[in-house]
Amino acid sequence: MSNIDQSELEKFDAIAQNWWDPDGEFKPLHAINPLRMNFIKTHTEDLRAKSVLDVGCGGGILSESLAREGANVTAIDMAEGVLKIAKSHALEQQLAIDYQLSTAEDFAARHAASFDIVTCMEMLEHVPDPASVVQACAELVKPGGLVFLSTLNRNLKSFLMAIVGAEYALQLVPAGTHEYEKFIKPSELDRCLRANQLKSMDITGIRYHPLQQSYSLDPRDIDVNYLLCARKDVE
């Protein structure tokens with residue numbers, strides 16, 4: 001329970017009702033979700049019948065996409081209001097997703113080495129101790145399994161684009177969504193991965209094109225948002 005920022009939970013619970021509005025506060029998540037899924041599918045031969053845990057699932061945008069690919073999806077979050085929205089939407093879509101109120105750390109204590117794939121997208125920059133979450137993800141995935149992470153790089157460009165641009169100039173997300181000090185450099189994340197027997201396999205950036213109002217993956221540009229795939233060592 002210590003690795004929780006209550007203000008972050010309250011912030012997302014306050015706008016939870018708008019989670020599935022493709023033109024609302026979570027429009028960027030809807031827009032980048034196909035890119036996230038393509039990245040995941042590139043590194044997994046087949047998601048059918050794979051056991052997948054979505055850490056920090058929010059309203060379930062990624063969780064539902066994984067379930068539609070045939071994965072057996074468990075999803076956890078600590079924002080109760082958001083989880084209610086996720087459960088309700090999955091029920092409407094007739095998708096069997098096991099949503100649970102839990103931190104990654106508590107879940108790892110009960111379900112070590114239980115999942116073929118663990119995803120943790122746009123979540124590390126919202127907790128006090130992201131390294132603790134990475135450690136939990138490493139504990140939760142089976143040896144040889146994959147962990148997919150996404151977060152924000154920490155540099156002047158990311159500050160200008162993710163905060164000044166996205167939150168204030170373009171208003172892509174609500175002001176105050178991110179705190180620059182919580183952004184994570186890829187080198188920092190890589191050290192954390194290696195400390196937890198995870199080997200980085202691939203990394204790519206997510207670029208925003210303001211004129212087209214669209215997003216694309218670009219492995220040459222990880223300056224702002226980036227996605228990473230890591231494999232758990234086989235003991």
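Start with the aromatic rings: the structure holds eight aromatic pairs. Rings of Phe, Tyr and Trp (its six-membered ring) pair if their centres lie within 6.5 Å; planes under 30 degrees apart are stacked, over 60 edge-to-face, the rest tilted.

Select Trp 19 and Phe 26. Their ring centres are 3.8 Å apart and their planes lie at 25°, so this pair is stacked. Trp 19 is buried, at 6% relative accessible area. Phe 26 is also buried, with 6%. Here buried means under 20% relative accessible area, exposed over 50%, and partly exposed in between (1.4 Å probe, protein chains only).

Next, select Phe 159 and Tyr 180. How are these two rings arranged? The pair is edge-to-face, because the centres are 5.5 Å apart and the planes stand at 80°. The pair links distant parts of the chain, 21 residues apart: Phe 159 sits in helix α7 (residues 156–169), Tyr 180 in the loop between α7 and α8 (186–195). Helices (H or I, at least four residues) and strands (E, at least two) are DSSP runs, numbered from the N terminus. Phe 159 is partly exposed at 32%. Tyr 180 is partly exposed at 25%.

A note on the model: it is predicted, so local features need pLDDT of at least 70 and side-chain atom pairs pLDDT 80 or more, while totals for chains, interfaces and linings use all residues. Residues are numbered from 1 along each chain as its sequence is written, and side-chain values use heavy atoms, without hydrogens and water.

Now select Lys 27, Pro 28, Gln 171, Leu 172 and Tyr 215. Of the 14 residues lining the second largest pocket, these lie nearest its centre. A pocket is an open set of points on a 1 Å grid over the protein atoms alone, where a 1.4 Å probe fits, with protein on both sides within 12 Å along at least five of seven lines; lining residues have an atom within 4 Å of a point. Helix α2 (residues 27–43) gives the largest share of this pocket's lining, three residues.

Finish with the backbone. Most residues other than glycine have a negative phi. Select Ala 113: its phi is positive, about 50°. Ala 113 lies in the loop between α5 (104–110) and β4 (115–121). Then select Gln 213, where phi is also positive, near 50°. Gln 213 is in the loop between β6 (198–209) and β7 (214–218). At 58% relative accessibility, Gln 213 is exposed.
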